[in-house]
Amino acid sequence: MLDQALGILKDVFGYDAFRGNQAAIIERVASGGDALVLMPTGGGKSLCYQVPALLRDGLAVVVSPLIALMEDQVATLDELGVAAVALNSTLGADEQRDIAARIRRGEIKLLYLAPERLVQPRMLAFLEQLPLALFAIDEAHCVSQWGHDFRPEYLQLGQLAETFPQVPRLALTATADKRTREEIVQRLHLEDAERFLSSFDRPNIFYRIVPKEQPRKQLLGFLAERRGDAGIVYCMSRKKVDDVAAFLSEQGFPALPYHAGLPAELRAHHQRRFLNEEGLIMVATIAFGMGIDKPNVRFVAHLDLPKSLEAYYQETGRAGRDGLPADAWMAYGLQDVIFLKQMLSQSEGDERHKRVEQHKLDAMLALCEETRCRRQTLLAYFDEVLPEPCGHCDNCVDGVQTWDATEPARQALSAIYRSGQRYGVGHLVDILLGRDNEKIRAPGHQRLALFGVGKHLSEAEWRSLFRQLVARGLADVDLEGFGGLRLSEHCRPLLRGEVTLELRRDLKPQQARSGGKSPASQLVRGEERQTWEALRTLRRKLAEEHSVPPYVIFPDATLLEMLRSQPRSLADLAGVSGVGARKLERYGAAFLEVLNGQEPAEAPRQATDLRHELISLARAGMTPTQIASQLSCSEKNVYTLLADAIGSQQLSLDQALDLPDELLMEVQDAFLDGEGELPPVAAIAERFGTRVPEGVLHCVRAALRAELET
Ligand code: ADP
Ligand code: ZN
């Protein structure tokens with residue numbers, strides 16, 4: 001079975017090998033078993049049900065929560081030559097009837113449905129009459145009431161187990177935590193499902209978290225290296241989203257806002273543009289996310305701190321689904337901490353719930369202040385052990401300096417205490433630095449013993465220290481919302497001198513070793529730019545013609561491999577990962593033209609190569625004129641070779657020429673008029689003059705001869 005699966009992988013999808021657990025999952029489902037698949041975003045979940053759908057008889061039913069997701073998948077399958085449809089509320093009654101009829105006739109392999117539609121009695125009755133290959137439940141975590149993507153309709157999917165006991169079911173999710181996993185098993189009745197757990201590491205994402213100083217300027221610095229890349233910038237508030245989007249546009253970065261306050265139509269429009277165009281930046285609140293399957297999002301930037309590591313992982317995870325280098329970048333500062341802590345204390349809900357949320361925020365803050373590998377910390381939170389530092393995050397690359405902050409921390413805590421536990425960081429820093437101003441004099445703080453004891457540190461260093469005290473829970477934020485600091489219980493041991501404190505030394509942004517530049521921005525090197533852009537332009541053009549997003553034509557990874565491996569022929573191109581039979585046929589010639597058009601003169605080719613290639617090009621639908629320019633030889637030559645290929649039946653006349661039927665019959669009649677042997681071309685050429693090139697006559701003759709001889 002695995003051979004068959006590999007055959008499909010190669011022919012239909014154009015890939016050479018399965019990744020991770022894919023092969024095992026496919027084997028399990030194709031042989032009729034249930035499966036629970038936990039795989040990170042970009043891990044390749046779709047193939048886990050698409051390949052079994054093609055291996056098994058009958059219709060595969062795929063449950064998906066969002067229309068956009070379904071349409072994307074259907075378009076992708078369509079381009080691969082796989083019959084798939086999505087039934088959704090946007091279809092008219094006629095269209096729905098038509099689809100139902102095609103399904104009954106067995107013409108459709110995959111049916112995508114929203115959960116509420118699947119569980120309608122009429123739909124279930126319809127499916128019960130059909131041979132079914134499998135049920136795939138995508139985004140299965142939507143069944144969990146704990147998660148923020150909970151969809152009540154998913155709960156009803158539990159009944160599939162009873163109604164269709166013979167049909168294998170697989171549930172798929174990118175949500176890692178154990179509780180969600182158990183809930184999926186229980187609610188979907190997947191007790192007998194084999195569990196396939198992948199690592200949740202996203203090795204292609206580079207993580208960087210910088211102290212927030214001038215966030216917009218810092219963001220521009222980050223973006224400067226990434227012109228032309230698509231990405232998402234997350235902000236906390238709607239207003240900030242609007243402001244930042246406007247600011248980026250002014251600065252020459254095409255950016256669109258997205259938040260729940262915009263009219264639904266505009267939101268949908270922006271989302272479509274983001275998917276269909278290249279190099280757009282979406283500035284968004286967390287309302288933007290689920291259902292964004294765009295694989296070539298090159299970066300996710302956070303201008304505000306997410307509430308938890310779950311949220312951070314999920315949001316940053318939208319970068320680099322295609323497996324190519326991508327960046328997760330965040331600017332984080334004391335104000336973020338203060339803001340989130342206050343939100344938390346003012347939020348509704350019982351104490352237990354608040355404690356859980358507090359715990360989650362603390363884990364997020366710990367990642368920000370982490371002095372060791374970020375990836376190790378992040379994965380550890382999801383109970384995964386990464387044995388070695390990753391070498392692919394800011395801390396690993398830049399190295400983090402720590403310093404003994406025990407004494408200054410005590411001074412800072414004393415400043416909080418002596419000034420009455422109600423002043424913000426600005427005021428506290430003024431005290432420590434001994435700044436004699438109005439605000440200090442009013443409460444008489446210039447007389448504190450601490451006044452001016454901290455001149456050995458800079459303002460930035462003090463601010464960094466206060467931020468870390470709050471992040472570590474050694475100081476608290478006031479509940480009134482003015483940003484005043486208080487002591488927390490946890491600071492006692494430090495004040496009593498029982499413990500010491502090591503803190504992170506913040507790097508100045510320009511000190512970061514790679515200058516804020518990471519591998520993602522170097523995806524395409526200077527000299528390759530031109531060809532790269534030409535390939536993208538062609539892809540965009542084809543995408544528009546087919547009304548699909550560009551990545552549905554070919555993913556970036558495939559374009560990149562074309563760029564690097566320099567295929568000269570369709571045969572070469574077929575070897576590029578992501579080029580399956582259907583796409584080779586549809587688009588191969590056009591991409592070759594771009595690739596070879598940029599090339600200097602080629603070495604002379606062997607005659608057999610030329611012929612082999614000519615046949616491929618003709619089969620792919622190129623006209624003799626196009627072939628001649630593609631192969632840089634004369635048209636006459638092309639016709640001779642075509643006639644040869646037709647004569648040896650490697651090519652049909654239809655494939656070689658696009659001749660109107662009437663004209664073709666006229667030519668055929670001319671050859672067949674006489675008795676016995678077919679006349680030579682020269683004998684009838686005069687009759688057609690310039691109307692029909694001689695080469696065409698040669699081809700028709702070759703076809704007739706082949707026909708008469710067999
Ligand atoms: P997920 O749904 O898990 O986020 P997808 O199914 O969208 O991931 O796959 C992510 C990308 O990886 C897609 O572009 C897909 O075509 C590609 N991909 C999946 N499996 C393979 C494979 N075995 N070889 C090469 N590319 C693959
Ligand atoms: Zn690391």
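Is Cys 396 buried, partly exposed or exposed in this predicted model? Cys 396 turns out to be partly exposed, since its relative accessible area is 26%, where buried means under 20%, exposed over 50% and partly exposed in between (1.4 Å probe, protein chains only). A quick word on ground rules: this is a predicted model, in which local features need pLDDT of at least 70 and side-chain atom pairs count only at pLDDT 80 or more, while totals for chains, interfaces and linings use all residues. Residues are numbered from 1 along each chain as its sequence is written, chains are lettered from A and ligands numbered from 1 in the order written, and side-chain values use heavy atoms, with hydrogens and water left out.

Together with Cys 373, Cys 390 and Cys 393, Cys 396 coordinates the zinc ion (ligand 2) through SG atoms at 2.3 to 2.4 Å; donors here are N, O and S atoms within 2.8 Å of the metal (3.2 Å for Na, K and Ca), and water is not among the atoms, so sites may look incomplete. Along the sequence, these donor residues follow the spacing C-x16-C-x2-C-x2-C. The site is tetrahedral, with angles of 101 to 119 degrees among the four donor atoms (for four donors, the label requires all angles to lie between 85 and 135 degrees). Cys 393 counts as buried because its relative accessibility is 0%.

On to the overall layout. The protein chain is split into domain 1 (2-197), domain 2 (205-398), domain 3 (402-506), domain 4 (524-595) and domain 5 (607-709), with bounds that come from an automatic or database domain assignment. Taken over C-alpha atoms, the centres of domain 1 and domain 5 are 48 Å apart.

Domain 2 and domain 3 each give at least three residues to the lining of the second largest pocket. A pocket, on a 1 Å grid over the protein atoms alone, is an open set of points where a 1.4 Å probe fits, with protein on both sides within 12 Å along at least five of seven lines; lining residues have an atom within 4 Å of a point. There are 26 lining residues, and Lys 212, Ala 460, Arg 463, Ser 464 and Arg 467 lie nearest the centre of the second largest pocket. Helix 22 supplies the largest share of this lining, five residues (helices are DSSP runs of H or I, at least four residues, numbered from the N terminus).

Definitions and conventions: Helices (H or I, at least four residues) and strands (E, at least two) are DSSP runs, numbered from the N terminus. Four donors count as tetrahedral if all angles lie between 85 and 135 degrees; four count as square planar and six as octahedral if opposite donors are over 155 degrees apart and all others between 65 and 115; anything else is irregular.
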